Amino acid sequence: MAAIPPAAAGCPVVIGAGIAGLMAALHLAPEPVIVLAMAPLGSDCASAWAQGGIAVAVGEDDDPARHAADTIAAGDGLCDADVVERITASGAVALAELARHGTAFDRAPDGRYRLGLEGGHGRRRIVHAAGDGTGRAITMALVEAVRRTPSITVLEGVEARRLIIEDGAVAGVLAAADDKPLVLPTARVVIATGGIGGLYRETTNPLTAIGQGLALAARAGATLADMEFVQFHPTALAAGQDPMPLVSEAVRGEGALLVDAAGRRIMADHPRAELEPRDIVARAVRRETAAGRRVFLDARRALGSRFAERFPGVAVACRAAGIDPAVDLIPVRAAAHYHMGGIAVDAAGRSSLAGLWAVGEAAATGLHGANRLASNSLLEACVAGRTVAESVGGTTQRPTRPAVVPPLPPSSRPDGVRGIMAQHVGVLRDRDGLNAALDALMPLAFGTDAEADPALVGLFVAAAALQRQESRGSHSRTDFPAHSSAGTRRSLLRLADLKCMLDVDDKRVAIGA
Ligand SMILES: Cc1cc2nc3c(=O)[nH]c(=O)nc-3n(C[C@H](O)[C@H](O)[C@H](O)COP(=O)(O)OP(=O)(O)OC[C@H]3O[C@@H](n4cnc5c(N)ncnc54)[C@H](O)[C@@H]3O)c2cc1C
């Protein structure tokens, strides 16, 4: 672990080193900042795995208003229109910033961006780099930029385990370095810990994406929002790996078809067929697999021998499973992929707790509503990285010296939680299943062992899903299949609300708090 320079004492702490955390740290420069990263920079973050690219309206037939309209349509009545407008309008600036930090986006010989098409987008607007290696290209460029920036101190191999709260405000971070406690006194913390896919047995996310930042924030009293909205990707490669490699949506954008074992197209009856937003496609895939039928992507005709050139990463994953997409069908299943919910934040990225900000997938900004439009998350991470940094940088540093430091909890492990979430809180949900999830998760969440934080996050998802008695966006209730006219309010939950809802005895909760 790097030593903490004296100038960094008491400075803001960013927890997480994906694109959101790295962008926030870079925008804070020259103000000193500490970045905590559980793993070496560039590894174990969803950012480095992003394939399709970053959605920005730069095509000649496109503009930010169209991008905003597509985002709102996918979000199914729950997007915050102001946030959508601001973020879609900031795309070109975000691309320029990424290019300045060293990302070389794919361009045609005439210098124009090569633009991909993905489900729910009415125009080609997915800017990519290194074919399907966009996330890695951006992340590694940002890692280099961070390493060149003297005001940023990166603590690799350090895991945040609790926030320290005094007088109702953030007073520090309790982290673990080599499993020993490390206290970082600070009045300003940015949570950038990514998503929660690792809480599910079938996921495309790094297995460390278990919503640790959400647990930290919730236990400190911050409000979480939109927790029920988990996006399942319809085409995770079903070849036995954990996590499951992703077969990018852009493959369908290039014309690949979803078929069953008999070659019947499973999306043929839908107006936009394979290019419907991914909640619709994921439900179609899930219904097939739940009925015991296998589903495949057929890219033979659309891409054939061009597959490996356009999607080198997917081709490698397929080859490792003995599949050649030029001539073979690609077996796929729906898998947990992205979390629209997270720590509720305002336009500046501020949470409900003084001194706590959130950015990237860990934050619920209102951009995605009930369903994220493909490739909008890298855009959000880049744009919000700047907004959060401006807000943190504009807040006066308050000296803190935490008087009471909680004991160091164990490192989180979601082992038992994954099966519960997959079985009861997956693509298709109902009241009995969600209640079964609550019963199974409650003792874990309010215990003190390694499953406590993952189970608490799962509990928030299941409780919000139970409360939302309708189907909307990615949240699909088989017992409430229609929209409810009362359903257009975002769900907000604090730990105290959850306790009331579950009628949990205060003493038991205090043990895990
Ligand atoms: C396979 C795949 C493909 C995708 N493709 C696209 C795409 O094409 N376009 C798009 O827009 N989006 C895509 N997404 C989604 C997108 O990659 C993520 O939403 C986005 O990268 C999240 O960025 P982030 O910085 O918020 O989190 P992450 O990149 O996940 O980073 C989280 C960081 O937090 C750290 N961390 C977590 N907990 C702790 C802790 N307790 N202490 C210290 N550090 C911690 C992690 O180690 C990591 O460094 C894809 C996701 C996946 C999984």
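In this predicted model, Asp-226 sits in the loop that links β11 (224–225) to β12. Its relative accessibility is 1%, so Asp-226 counts as buried. Asp-226 is not a glycine, yet its phi is positive, at about 55°. Most residues other than glycine have a negative phi. Asp-44 also has a positive phi of about 55° without being a glycine. This residue belongs to the loop between β2 and β3 (54–55), and Asp-44 counts as partly exposed because its relative accessibility is 39%.

Most peptide bonds are trans. The bond from Ala-29 to Pro-30, however, is cis, with omega near 10°, and Pro-30 is part of the loop between α1 (19–28) and β2 (33–37). Asp-242 and Pro-243 are likewise joined by a cis peptide bond, with omega about 0°; here Pro-243 lies in the loop between β12 (230–237) and α7 (249–253).

Beyond its neighbours up to four places away in sequence, Ile-191 touches residues including Ile-15, Leu-163, Trp-357 and Ala-362.

Finally, Asn-376 is found in helix α11 (residues 376–393). With 0% relative accessibility, Asn-376 counts as buried. Leaving aside neighbours within four places in sequence, Asn-376 is in contact with Ala-55, His-67, Thr-71, Leu-367 and His-368.

Methods:
Residues numbered from 1 in each chain as written. Predicted model: local features only at pLDDT ≥ 70, side-chain atom pairs only at ≥ 80, totals over all residues. Heavy atoms only, no water. Helix = DSSP H or I, 4+ residues; strand = E, 2+ residues; numbered from the N terminus. Buried < 20%, exposed > 50% of the residue type's maximum accessible area, 1.4 Å probe, protein only. Contact = heavy atoms within 4.5 Å.
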